[in-house]
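Student: I have a model open and want to talk through how its parts pack. Can we start with a pair of helices?

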Amino acid sequence: MEIARSTEAVGEDAGSPWAPIIFEALKDADVKQVTYVPDAGHTRLIGMCSDAPEMDAMVLTTEEEGIAVAAGAWLGGQRSAMLMQSSGVGNCVNMLSLLASCRMPFLTIVTMRGEYQEFNPWQVPMGQATQQALELMNVIVTRIDRLEDLDSLVRSAAAMAFDGDQAVAVLLSQRLLGAKKWVK
Amino acid sequence: MGEMMREYRLERRAAVAELLKDRGEMLIVTGLGSPSYDVFAAGDHDANFYLWGAMGGAALTGLGLAVAHPERPVAVFTGDGELLMGLGGLATIAVRAPRNLSIVVLDNGHYGETGGQLSHSGAGVDLAAVAKAAGFPEVMDVSTHEGLIEARSAVATPGSGPRLIVVRIAHEHTPRALPSRDGAWIKSRFRAHLGFVPQ
């Protein structure tokens with residue numbers, strides 16, 4: 001198992017206060033298809049989306065799949081959002097051309113690694129390049145550092161995506177999430 | 001396992017035209033390159049979404065569409081090379097398992113668009129067996145006209161998928177038939193077909 005994506009923080013994440021805020025925003029935005037690559041920071045939100053009868057939560061093998069799923073959902077008249085970790089952004093670059101070429105909406109919620117208090121040097125290169133990689137492909141990036149900004153910024157991102165036909169990424173900073181604790 | 005055992009002999013345009021005869025309510029996504037040309041040559045349709053890029057994304061685009069419209073048959077027409085680039089997607093599709101989704105792989109064992117190099121499938125990787133192992137409940141390997149007729153009836157019927165159908169086509173030159181490259185227009189046309197009018 002890749003350590004960077006291990007779920008060592010499962011118990012801890014049950015308290016993730018950002019999860020219900022994002023969940024409610026996704027629900028109110030009428031997001032039906034939620035795709036994800038398993039991620040410790042997203043554990044609680046993945047659970048909430050998987051349990052929601054109005055949502056279809058789908059596990060992916062790699063993040064670029066979620067972009068294609070979102071395109072298919074939109075073709076069929078549904079809204080899709082992807083939950084991923086910053087390391088997954090690098091997997092998406094070419095597939096993002098699908099959204100740009102077809103002017104399709106896209107919303108992704110990205111948990112950040114490789115910044116604030118990061119202990120694992122392997123997370124740093126992609127974490128530091130995450131925002132630029134997204135912007136390189138014309139994805140609009142909103143970064144959230146404070147919990148009190150979360151509700152309005154996630155709702156704004158959803159509106160820009162689905163009403164404004166834009167690809168939008170919300171980055172949840174490592175400071176917001178709490179630096180990963182290395183526990184056995 | 002090897003190329004000698006395979007029968008890559010069906011003519012691609014005729015094979016695709018056969019599969020799309022009486023397509024009815026079918027919604028179609030095509031993978032970049034020749035599969036887009038083949039489906040377009042069989043007859044342009046508002047319910048066709050042609051990819052001209054995003055290699056590896058055709059089957060997953062079909063997944064999102066199939067989940068959104070479980071009542072309609074959704075078919076992805078793609079090539080062996082395109083599918084190989086997103087092979088993990090077969091696992092994702094098998095786990096979500098939309099009953100109305102068919103992946104039709106037009107397999108000539110070669111990368112036809114990029115100089116005709118032997119593909120992994122041509123070198124012996126069995127895509128039907130990969131899909132079977134991933135958990136697709138229905139897998140077909142078609143190299144005859146009779147097989148095509150059987151496949152056509154399966155694709156048109158939502159309910160027993162997801163299915164993967166390998167159609168063994170000849171590796172030969174086929175004149176190009178080019179659908180629109182305006183992805184935004186093709187998208188809007190497709191959505192309008194389903195009643196989602198641009199605002």
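Student: How are helix 5 and helix 6 of chain B oriented to each other?

Tutor: Helix 5 (residues 88-96) and helix 6 (residues 127-134) of chain B pack at an angle of about 40°, with their axes 9 Å apart. They are therefore oblique to each other (under 35 degrees is roughly parallel, over 145 roughly antiparallel, 65 to 115 roughly perpendicular, and the rest oblique). This is a predicted model, where local features need pLDDT of at least 70, side-chain atom pairs count only at pLDDT 80 or more, and totals for chains, interfaces and linings use all residues. Residues are numbered from 1 along each chain as its sequence is written, while chains are lettered from A and ligands numbered from 1 in the order in which they are written.

Student: Which residues of helix 5 and helix 6 of chain B make the contact?

Tutor: B:L90, B:A91 and B:A94 come from helix 5 of chain B, and B:V130, B:A131 and B:A134 from helix 6 of chain B (contact means C-beta atoms, placed from the backbone, within 7 Å). By class, that contact has 6 nonpolar, no polar and no charged residues.

Student: And where do the axes of helix 1 and helix 2 of chain B stand: at what angle do they cross?

Tutor: The axes of helix 1 (residues 12-19) and helix 2 (residues 34-41) of chain B cross at roughly 55° and come within 9 Å. Axes are lines fitted to C-alpha atoms, for helices over the stretch in contact, and angles run from 0 to 180 degrees between N-to-C directions. On the helix 1 side of chain B the contact uses B:R12, B:R13 and B:V16, and on the helix 2 side B:S34, B:D38, B:V39 and B:A41. This contact has 3 nonpolar, 1 polar and 3 charged residues.

Student: Switching to the sheet. What is the strand order in chain B?

Tutor: The order is 2-1-3-4-8-7, an open sheet of 6 strands with parallel pairing (strands pair if DSSP finds at least two bridges between them). Strand 2 (48-50) and strand 7 (138-142) of chain B are at the edges with a single partner strand each, so one side of each has no neighbour in the sheet.

Student: How many bridges join strand 1 and strand 3 of chain B?

Tutor: Strand 1 (residues 27-30) and strand 3 (residues 74-79) of chain B pair over 4 bridges. In strand 3 of chain B, B:F77 is the bridge partner of B:T30.

Student: Which strands does helix 2 of chain B lie across?

Tutor: Helix 2 of chain B lies across strand 1, strand 2, strand 3 and strand 4 (101-107) of chain B, at about 130° to strand 3 of chain B.

Note on methods: Helices (H or I, at least four residues) and strands (E, at least two) are DSSP runs, numbered from the N terminus. Two residues are in contact if their C-beta atoms, placed from the backbone, lie within 7 Å. Ala, Val, Leu, Ile, Met, Phe, Trp, Tyr, Cys and Pro count as nonpolar, Asp, Glu, Lys and Arg as charged, and the others, Gly among them, as polar.
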